[in-house]
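These are my notebook entries on one structure. I set down what I looked up, entry by entry.

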Amino acid sequence: MSLPAEFHEMAKRVNNWGRWGDDDEIGTLNLITDEVVREAAACVRSGRRVPLALPLRQDGVQTGLIPGRVNPLHVMVQINQEIFGPGGVACSDDVVTMGLQAATHWDALTHVSHSGKLYNGRPAGTITPHGGAEFGGIDKPRHIVSRGVLLDVPRALGRNRLDGAHAVTPEDLDAAEELAGTRVRAGDIVLVRTGQIQTYLAGDKHGYGYPSPGLSVRTPQWFHARDVAAVANDTLTFEILPPEIEDLWLPVHALDLVEMGMLQGQNWNLEELSTACGQEGRYTFLLSAMPEPFTGATGTPVAPVAIL
């Protein structure tokens, strides 16, 4: 089934193909300039550090809904082994098998395609079984450090968390921006809190995944207008699930990743950050969210840290 005309109209409004050249592979991360990073460093005042990643564990967020996206399986391959002879230094090593998007992660620009195309008009067929993503893999953005802005939508609306039927709209983002006391600007990384991860933290990972609040199909145009570098939130699906438009699945993924060339992050734990920002009365910080450089991968685990 082809995508509806309304999707293609939205796609035209946010399309960035060719904006940074035909060979560009990092999209809106080009907006994180040296000047943007220098200004981001000025956000550090108290030095308070807030980790935003979920623990990597075998009973993590994945339920089997997405084939092959397995929670981390951690095994020891040697324990206190004296590999250079008796009486010497002993080593312990471990191995992990996991879906690269199993827990807190970035989606690479190649994570989704539509109409046979990836970001910048590249053919979807450039992703192969053995080589992975020939173009636009998660190894291409070598560093992701910028000013982070927490848009705490539930707090802005006077709630603890959003319900599962709530599609986060541009108006919600405006309200959260007003609460934050700052305007989102070019090169920022925006973190959108819904409070949905509270469900997972309470032990209900099935309820965490579905139904889920998330970003509306109207939000990509808001991010495009502000020249946002990347967006992450505290849900499994990033966008609202079930979808706003019947039978149109993952339209926000397609608009953000394919059309705009903007990285998405999911399963970020923003609860402690919400508390910290409320206590300090400010919602901007230096954010370090370095991708693990898996060559040709379409996503990567990440352990982001917000520094206030």
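**Entry 1: a helix pair.** I began with α7 and α8, which are roughly parallel to each other, because angles under 35 degrees count as roughly parallel and theirs is about 30 degrees. I note that the model is a predicted one. Helix α7 covers residues 219-226 and helix α8 covers residues 251-260, and their axes lie 9 Å apart. I then looked up which residues form the contact: on the α7 side I found P220, F223 and H224, and on the α8 side V252, L255, D256 and M260. Sorted by class, the contact of α7 with α8 holds five nonpolar residues, one polar and one charged.

Entry 2: I next read the loop that runs between β11 (230-233) and α8, where P242 has its place. The peptide bond leading from L241 to P242 is cis, and its omega is near 5 degrees. F238 is found in this loop between β11 and α8 as well. I recorded a positive phi of about 70 degrees for F238, although F238 is not a glycine. I marked both entries for the following reason: most residues other than glycine have a negative phi, and most peptide bonds are trans.

**Entry 3: another cis bond.** I also looked up the bond from Y210 to P211, which is cis with omega near -10 degrees. P211 belongs to the loop between α6 (205-209) and β10 (214-215).

**Entry 4: a nonpolar patch.** Which residues make the nonpolar surface patch of about 300 Å²? I listed L73, V75, V77 and V95. Strand β2, residues 73-81, gives the most to this patch, with three residues. I confirmed that V77 sits in strand β2.

**Entry 5: salt bridges.** How many salt bridges does the count come to? I noted 16. For one example I turned to K12 and E9, whose side chains meet in a salt bridge at 3.5 Å, N to O. Both K12 and E9 lie in helix α1, residues 5-14. I wrote down their spacing as three residues, about one turn of the helix.

Technical notes: Residues are numbered from 1 along each chain as its sequence is written. This is a predicted model: local features need pLDDT of at least 70, side-chain atom pairs count only at pLDDT 80 or more; totals for chains, interfaces and linings use all residues. Side-chain values use heavy atoms; hydrogens and water are left out. Axes are lines fitted to C-alpha atoms, for helices over the stretch in contact, and angles run from 0 to 180 degrees between N-to-C directions. Helices (H or I, at least four residues) and strands (E, at least two) are DSSP runs, numbered from the N terminus. Angles under 35 degrees count as roughly parallel, over 145 as roughly antiparallel, 65 to 115 as roughly perpendicular and the rest as oblique. Contact means heavy atoms within 4.5 Å. Ala, Val, Leu, Ile, Met, Phe, Trp, Tyr, Cys and Pro count as nonpolar, Asp, Glu, Lys and Arg as charged, and the others, Gly among them, as polar. Patches are made of residues with over 30% relative accessible area and no salt bridge: like charges are joined within 9 Å, nonpolar side chains (Val, Leu, Ile, Met, Phe, Trp, Tyr) within 5 Å. Accessible areas come from the Shrake-Rupley method with a 1.4 Å probe; for residues, only the protein chains shown count as cover. A salt bridge is a side-chain nitrogen of Lys or Arg within 4 Å of a carboxyl oxygen of Asp or Glu.
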